[in-house]
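Subject: Structure handover

Hello,

Here is the structure I said I would pass on. My notes on it follow below.

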Amino acid sequence: HNRRVKPFAGFPVLKQKNRYARIAPLLIVLLGFAVRVWAMDTAWIDGDRANPHGLGLVALDTVSSGDWPNFPLFSDEASVGLPNPPLLTYAYALAALTGRSLSMANALGLIANTITVAAAFGIGRRMHSWSAGMLAATLVACSNWGVYLARGTWHPTPIEPGVALSAFLLL
């Protein structure tokens, strides 16, 4: 026998023969969005969690005024004493083109983190089955860490969406 063993071989496989099986992943993504938006006004936004947005505003103001010598080439300093990379700062500068408020910057992290739920479904479905995708999406939708990171402009905010989208595109 040259039988190929699938990962998660003991996981039950449900066939998606009805139309509800196509709607269920969307409902899980909506659940993930609702969990992340719920009590958003209680999010803790202090200096460390607002620095990338503030530096994005500095970058936007520097470009609009033409003051190129003061353009930020790095983000703020990390706890280990090295500067953080500037990509997140530039992303928040682009988000500031639609609105300069902290709420617009929070919306960017919220949307990216909600897309992570859909990416988790795609990864699980590609690796094993529809059921595995639903389990992965549900776990990501209800993840405390994901909800916490979605509420603010903190430096670790893009880690989970970046890893999930990279894995989705590689599979």
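Helices here are DSSP runs of H or I, at least four residues, numbered from the N terminus. This is a predicted model, in which local features need pLDDT of at least 70 and side-chain atom pairs count only at pLDDT 80 or more, while totals for chains, interfaces and linings use all residues. Residues are numbered from 1 along each chain as its sequence is written, and side-chain values use heavy atoms, without hydrogens and water.

The axes of α1 and α4 come within 9 Å and cross at roughly 150° (lines fitted to C-alpha atoms over the stretch in contact, with angles from 0 to 180 degrees between N-to-C directions). The two helices, α1 and α4, are therefore roughly antiparallel (over 145 degrees). Contact means heavy atoms within 4.5 Å; on α1 the residues involved include Pro25, Ile28 and Phe33, and on α4 they include Leu110, Val117 and Phe121.

The largest nonpolar core has 11 residues, among them Ile28, Val117, Phe121, Trp130 and Met134. Such a core is a set of buried Ala, Val, Leu, Ile, Met, Phe, Trp, Tyr and Cys residues joined through side-chain atoms within 4.5 Å, buried being under 20% relative accessible area with a 1.4 Å probe, protein chains only. Two or more residues each come from α1 (20–37), α4 (102–127) and α5 (130–141); α5 gives the most, with five.

Ile28 touches Val117, Met134, Ala137, Thr138 and Ala141, leaving out residues up to four places away in sequence.

Regards

Methods: Buried < 20%, exposed > 50% of the residue type's maximum accessible area, 1.4 Å probe, protein only. Parallel < 35°, antiparallel > 145°, perpendicular 65-115°, else oblique.
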